[in-house]
Amino acid sequence: MSDPMQAEQAHHGLQAQSDWGWLKDWRASAWSQFAATPWPTRKTEAWKYTPLKSMLGTEWSLSEQPGSATGTVFADWDRTVITLVDGKVTDHGALPEGVSVQLLSKATAEQRARFEQRLAKTLAGDQLFTTFNQALLAEAVWIEVAPETVLEKPLHINQVLSPNANGRAVPVRVMLDLGSRSQMTLVETFASESDGPVFINPVTEIDVGDSAKLTHYHLLLETGDVRHLGSLQAVLRAHSQMNSFHMALGGVLKRKDIVVRHCGSGAHLQLNGVYLPKGKEHVDYHTTLEHEVPHGTSNEVFRGIIGDDAKAVFNGRIHIHKDAQKTLAELSNKNLLTSHRAEINTKPELEIYADDVKCAHGATVAQLDKGSLFYFLSRGISRQEAEVMMSFGFINELLEALDDDPVKRLLRPLLASLFAKEDDLAGHLL
Amino acid sequence: MLNINDLHARVEDTAILHGLNLEVKPGEVHAIMGPNGAGKSTLGNVLSGRPGYEVTGGTVTYKGQNLLELEAEERARAGIFLAFQYPVEIPGVSNMEFLKASVDAIRSARGEEAMSSMDFIKLAREKCKAVDLPADFLKRGVNEGFSGGEKKRNELLQMMLLEPSLCILDETDSGLDIDALQVVARGVNELRSPDRGIIVVTHYQRLLDYIVPDYVHVLAKGRIVKSGGRELALELEKHGYSWIDEEVA
């Protein structure tokens, strides 16, 4: 048994507090698996470009009580909100009709039985930090949306780390089961008010029912001394649609494993994302599209702007199974390096076992286009402002592709201000 | 306003301009004509400060200052405007944002107050109408997916909003059908004024039916080899550029 992250005590402490035998077994099996897994090195393919050194040297503990946080990021808009501070649910607004939410920490005997069935279905697979999440899981938010429910307001899962979270590991699980023919927007945001070091370890599992339509945002807005290692697993049923938008600002270390499975035919996935590390930050997106059935379509577009000494990793895998005929899958990854020291490792991986499919991928790395820059200059715009506007434009192309909703309107100024070291340089983008 | 004296310039390792002389006074419209490869586009690019165009000799004075010492953005702020032969597409940045940033930069350089967003939108819509461009083009990415004619009209829209002192139109007529050509010409004619100089660079005489120049210059092999009035353009139209070559030789 190895425990390089010094989390064994936290695991045992958690186990000792619980009288729920099934849950304890479920966590214990994950702990054994985690402890038996060799700690990733440069030779471990999935972690080749993302060293985990910064996870060592801290004895990660779990928080008992949520700290106090202002929670001002992404706060002021019309939505149904569930707020978690340090992994504990602190605010749970009135739910619209057709939506039910259950919390693992407060499950009744009857709910426990259902939780057991639901958790047993989950796909830890070989993702190291999904396994870690299972081993230390104290809270899960399980959202069920009844069939044929159309939600007007987005549901916002607002996860905040308080200053109390320093030195803590914060594993949280969010599960969404969207009933057939239902439509909704789920917004997940992650923000930190902690000085760190802090380790947030979220897992999101989504099941999009037959002919259901989900718009999804998964926004990692933490900055500073935060490690965010987590995963998103989604299952698409027949003729469902999922439009999932991802964003990662910096932070010491971010790694998101995204797996989307086409389990019912005729489903469509739009998976877009942007990552914007600067300073010495590190962001890593590993995405996998599993086309298991025929007639599925996927379109994936990720873009990154990497500045200063930052590093980014993008690994986009498309796996088309033998029976998944008539699949259309496209993947594009474009990167902009705004410094000579910035680094990107991008790798598309195609594995195709069906013969009647269309599959395309492309990855590029570039600097800001000189011809475009001159166009700005020739109109009197300063070089600094031109660079801000061009960087923003590169990312904004993906925002423009989103439906017109309140999240897009919140994201725009956030992104605009991000590229400008001085406020007035973003003035024309707000 | 503009004085070009014995200008030599090269692009990378190729010398293109070999001693070009030209004087433009306020209120004048000069047409620069010439065969392909004569250096027509190089002239516009050198004047607007495009990187990669190196001046190897001669002087350019604009409103009494040494133009060649100014950065591209400083030239624009001093009132020089180049209408691009191939306008650049910038997806993700809306035309409106681009125009507002540009107008603000130039007004600020002139010591004028920034326009309010409301006033600007109103003005931009008005100018759109003048160049026959639907107002929803303001919301689209800069030149993104525009047709050739729409891009040229967008250049003209920028020119009208920026109100430059010296306009350089680099083959603005290329790729335009006759209707679009007339729209562009009407716009340029509207901008003619006693305190503004205009240089129209073109391969064909056609545009000059609509923008009647005060002077026509023939540019060949990097120099102005012949200057005259409007009739020179007609002569070129009739005889092509080969007789110039013979005359120069």
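The model has an ipTM of 0.96 and a pTM of 0.89. For chain B, the mean pLDDT is 93, and 98% of the residues reach 70 or more. Where pLDDT is low, the predicted coordinates should not be read in detail.

Helix 2 of chain A covers residues 21-36, a run of 16 residues. From its first C-alpha to its last, this helix reaches 22 Å, close to the 22 Å expected at 1.5 Å a residue. Five of its residues, Leu23(A), Arg27(A), Ala30(A), Trp31(A) and Phe34(A), are buried. Seen down the axis of helix 2 of chain A, the buried residues fall within an arc of 105°, so they line one face of the helix. An α-helix has 3.6 residues a turn, so residues three or four places apart point the same way. The cover over the buried residues of helix 2 of chain A includes helix 1 (8-16) and helix 4 (128-135) of chain A. On the other side of helix 2 of chain A, Gly21(A), Asp25(A) and Ala36(A) are exposed.

The contact between the chains involves 22 residues from chain A and 21 residues from chain B. On the side of chain B that touches chain A, at least two residues each are supplied by helix 2 (72-77), strand 7 (90-94) and helix 3 (95-109) of chain B. Helix 3 of chain B gives the largest share of this side, seven residues. By class, the side of chain B that touches chain A consists of twelve nonpolar, four polar and five charged residues.

Note on methods: Residues numbered from 1 in each chain as written. Chains lettered and ligands numbered in written order. Predicted model: local features only at pLDDT ≥ 70, side-chain atom pairs only at ≥ 80, totals over all residues. Contact = placed C-beta atoms within 7 Å. Helix = DSSP H or I, 4+ residues; strand = E, 2+ residues; numbered from the N terminus. Nonpolar A, V, L, I, M, F, W, Y, C, P; charged D, E, K, R; others polar. pLDDT = per-residue confidence, 0-100. Expected span 1.5 Å × (residues − 1). Buried ≥ 20, exposed ≤ 12 C-beta atoms within 10 Å, placed from the backbone. Arc of directions from axis to C-beta.
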